[in-house]
Amino acid sequence: VWLAGDSVLVVGSKAEDGDNRQEERIQWEYTPKAIRLIESYRSKFPQLFAGIGKMPNEKRYDANAIFGPNGESWLPVIREWLNQLSSSKLPRSPVTTQSMSLEGVAAVQKAANVRALALQK
């Protein structure tokens, strides 16, 4: 059974009707808990997010370009903050992970609900 606040959900979706593009569309969904985590991160380190926002397409970022001289001294501070979060203990998903469509997630949820009701009887 899925619960609100259960980490970040990434749901791939098929192309919508009327969408002439041949490529598969990807839809990202975030739980309220994930949104709160990102907002807390932005609030704690606004200069980091401002710097990334100025250079959104970089593959790598230079700490000195984002934080100024001695920018690398911020990295252990950020790492320490991230390590104290409960989400830092969660297992990571590989980039190659494939996910179910929204319809698939709904079908699994429905089946889980039916099963849970059957077990309660």
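## Overall organisation

Among contacts in the protein chain (heavy atoms within 4.5 Å) between residues at least 6 apart in sequence, 45% join residues at least 24 apart. The structure is a predicted model, in which local features need pLDDT of at least 70 and side-chain atom pairs count only at pLDDT 80 or more, whereas totals for chains, interfaces and linings use all residues. Residues are numbered from 1 along each chain as its sequence is written, and side-chain values use heavy atoms, with hydrogens and water left out.

The secondary structure of the protein chain comes to 5 helices and 2 strands, where helices (H or I, at least four residues) and strands (E, at least two) are DSSP runs numbered from the N terminus. Read from the N terminus on, the order of these elements is β-β-α-α-α-α-α. Of the 121 residues in the protein chain, 17% are buried, a term that stands for under 20% relative accessible area, with exposed meaning over 50% and partly exposed the range in between (1.4 Å probe, protein chains only).

## Confidence

The protein chain has a mean pLDDT (the predictor's confidence in each residue, from 0 to 100) of 82, and 80% of its residues reach 70 or more. Confidence is lowest in strand 1 (residues 8–13), at a mean of 48, and highest in helix 4, at 96. Over residues 6–15 the pLDDT is below 50, although this stretch has 32 contacts in the model beyond near neighbours in sequence.

Two packed helices are described by the angle between their axes and the distance between the axes. Here the axes are lines fitted to C-alpha atoms, for helices over the stretch in contact, and angles run from 0 to 180 degrees between N-to-C directions; angles under 35 degrees count as roughly parallel, over 145 as roughly antiparallel, 65 to 115 as roughly perpendicular and the rest as oblique. The axes of helix 1 (residues 32–44) and helix 4 (residues 74–83) come within 12 Å and cross at roughly 150°, which means that helix 1 is roughly antiparallel to helix 4. On the side of helix 1 the contact is made by Ser 40, Tyr 41 and Lys 44, and on the side of helix 4 by Ile 78, Trp 81 and Leu 82. These residues divide into 4 nonpolar, 1 polar and 1 charged, with Ala, Val, Leu, Ile, Met, Phe, Trp, Tyr, Cys and Pro counted as nonpolar, Asp, Glu, Lys and Arg as charged, and the others, Gly among them, as polar.

With helix 2 (residues 46–54), the axis of helix 1 comes within 5 Å and crosses at roughly 100°, so helix 1 is roughly perpendicular to helix 2. Tyr 41, Arg 42, Ser 43 and Lys 44 of helix 1 make this contact with Pro 46, Leu 48 and Phe 49 of helix 2, and by class it has 4 nonpolar, 1 polar and 2 charged residues.

## The loop between helix 3 and helix 4

Gly 68 is found in the loop between helix 3 and helix 4, and it counts as buried because its relative accessibility is 18%. The C-alpha atoms of Gly 68 and Gln 47, 21 residues apart along the chain, are separated by 9.9 Å. Asn 70 lies in the loop between helix 3 and helix 4 and counts as exposed, at 61% relative accessibility; its phi is near 65°, a positive value in a residue other than glycine.

Glu 72 has its place in the loop between helix 3 (63–67) and helix 4. Leaving aside neighbours within four places in sequence, Glu 72 is in contact with Ala 63 and Asn 64, while its C-alpha atom is separated by 8.3 Å from that of Asp 62, 10 residues apart along the chain.
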